[in-house]
Amino acid sequence: MSAPLVGEGRVLFRSIMRLHRSKLPPPMRSLGDAYVRKEFKLHYKPDVKENHRKMFLSEWGNYVQTISAQASVVGKELSEDQRSKLNDEQKTQLGNLEKTAKAL
């Protein structure tokens, strides 16, 4: 990482990585670990505003609580209502993600 994680951020990052190790199957873990590293690298920097840092830590803390509470992590299909709310760019991104995930 370009900026070292300190305090609560380091603890949270390590908690997420441990959860991925214990809860996610290898293909999901690979994708999840890369995503978490990228997010922390982009958003947990010294020049980030304090209120943004708090929001960032809060949302990732919610993620940890959600994943911790689940017996197993299994994805599910989006409902028609959820899909209808996506814009064209989001639909394209979702399609690309599905293709990549199926290729793993």
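Among contacts (heavy atoms within 4.5 Å) between residues at least 6 apart in sequence, 57% join residues at least 24 apart. Keep in mind that this is a predicted model, where local features need pLDDT of at least 70, side-chain atom pairs count only at pLDDT 80 or more, and totals for chains, interfaces and linings use all residues. Residues are numbered from 1 along each chain as its sequence is written, and side-chain values use heavy atoms, with hydrogens and water left out.

What does the chain look like overall? Its secondary structure is five helices and zero strands, taking helices (H or I, at least four residues) and strands (E, at least two) as DSSP runs numbered from the N terminus. The C-alpha trace spans about 40 × 30 × 25 Å along its principal axes. Of the 104 residues, 23% are buried, meaning under 20% relative accessible area with a 1.4 Å probe, protein chains only.

Now go inside. Take L12: leaving aside residues up to four places away in sequence, L12 touches F40, L57, W60, G61 and V64.

Helix α3 also holds R53. This arginine counts as buried because its relative accessibility is 14%. Beyond residues up to four places away in sequence, R53 touches Y44, K45, P46 and V48.

Technical notes
Buried means under 20% relative accessible area, exposed over 50%, partly exposed in between (1.4 Å probe, protein chains only).
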